[in-house]
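Subject: Handing over a structure, with notes

Dear colleague,

Please find below the structure that I promised to pass on to you.

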Amino acid sequence: MATMPIVNPMPPFDPDSDIGANIGPKWKIWMEDFEMYITANGITDKAKKRALLLYQAGARVREIFRQIPDNGDDKDYDKAVEKLNEYFEPQKHRLYEVYKFREARQDVSETLDQYYTRLRSLSTRCEFADPDFEIMVQIVLCGRSSRLRKQALRDPKLTLKDLLVLGRQCERSRQQAAEIEENTRNNQTGMNEDAVVDAVRNTPAEKTSQKWVCRNCGAEWHTTREYVQQRAKNAENVPN
């Protein structure tokens, strides 16, 4: 009895999904996933690996593969991989990938770590000699934190790791400060009504000609809390 696969089938590779994009890195990632897939399923036979490669890659890849000369026999898995790599790898557009990397700006709702992860992914297609430096430059130029920008310009020895640590600290301090300020505003709002009443009551009569009255009972203006307390006291004095 044949052994059933222990891993679900992979999605096919679509070379036409993003016209003009760099197909080479996408194919490389797909092949890495495929190698993990056949390893997890315990497939070692060359003929089975070749057949499964072409089947999982999808109809479009099989169509391309049929047009490739000298693609080996049905048992030659390595030749099939070699020919497909040769076909997809030259279709790189490094200039376009670098352009997409340079245009990547930090979104308003994006944390520094999320922005860094996105830049790291984009950089893999650019073939930078020093990806960390390029990512740091992009964060400094296109990130939202002016504090990070100033710190990077102030310290020429700052590394990407240092920049990320500082950025996380800035985000955490901003969040904590916003929470404190929000709580302070809420506490002040609760005292505003009493403060206004006290200010009106303490204003000399000759300095104001306007008479302030309560809109609930028509008497001298007092807070809503005082009005409710007086109503409760009056209710207690009403005979049953």
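The notes below go from the whole chain to single residues.

This is a predicted model, in which local features need pLDDT of at least 70 and side-chain atom pairs count only at pLDDT 80 or more, while totals for chains, interfaces and linings use all residues. Residues are numbered from 1 along each chain as its sequence is written, and side-chain values use heavy atoms, with hydrogens and water left out.

Confidence comes first. The pLDDT, which is the predictor's confidence in each residue on a scale from 0 to 100, averages 82 over the protein, and 73% of the residues score at least 70. Helix H7 (residues 131–142) has the highest confidence, at a mean of 95, whereas helix H10 (residues 224–237) has the lowest, at 67. Where pLDDT is low, the predicted coordinates should not be read in detail.

As for the overall build, the protein has 10 helices and zero strands, where helices (H or I, at least four residues) and strands (E, at least two) are DSSP runs numbered from the N terminus. Of the 240 residues, 29% are buried; buried means under 20% relative accessible area, exposed means over 50%, and partly exposed is in between, with a 1.4 Å probe and protein chains only. The protein exposes about 16,900 Å², and carbon and sulfur atoms supply 52% of that area, which comes from the Shrake-Rupley method with a 1.4 Å probe, where for residues only the protein chains shown count as cover. Among contacts (heavy atoms within 4.5 Å) with a separation of 6 or more, 56% are between residues 24 or more positions apart.

Helix H2 (residues 46–57) and helix H4 (residues 77–88) pack at an angle of about 30°, and their axes are 8 Å apart; the axes are lines fitted to C-alpha atoms, for helices over the stretch in contact, and angles run from 0 to 180 degrees between N-to-C directions. H2 and H4 are therefore roughly parallel to each other, given that angles under 35 degrees count as roughly parallel, over 145 as roughly antiparallel, 65 to 115 as roughly perpendicular and the rest as oblique. On the H2 side the contact has Lys-46, Lys-49, Arg-50, Leu-53 and Leu-54, which meet Tyr-77, Asp-78, Ala-80, Val-81 and Leu-84 in H4. By class, this contact of H2 with H4 has six nonpolar, no polar and four charged residues, where Ala, Val, Leu, Ile, Met, Phe, Trp, Tyr, Cys and Pro count as nonpolar, Asp, Glu, Lys and Arg as charged, and the others, Gly among them, as polar.

Helix H4 also holds Phe-88. Is Phe-88 buried or exposed? Phe-88 is buried, with a relative accessible area of 0%, and it touches Phe-13, Pro-15, Ile-23, Gly-24, Trp-27, Val-61 and Ile-64, when residues up to four places away in sequence are not counted. The C-alpha atoms of Phe-88 and Lys-28 are separated by 8.8 Å, although these residues are 60 apart along the chain.

Leu-95, in helix H5 (residues 94–102), is exposed, with a relative accessible area of 68%. Leu-95 and Cys-126 are 31 residues apart in sequence, yet their C-alpha atoms are 7.7 Å apart in space.

Two loop residues have a positive phi without being glycine. Asp-70, in the loop between helix H3 (59–66) and H4, has a phi near 55° and counts as exposed at 64% relative accessibility. Glu-127, in the loop between helix H6 (112–123) and H7, has a phi of about 60° and is partly exposed, with a relative accessible area of 44%.

With kind regards
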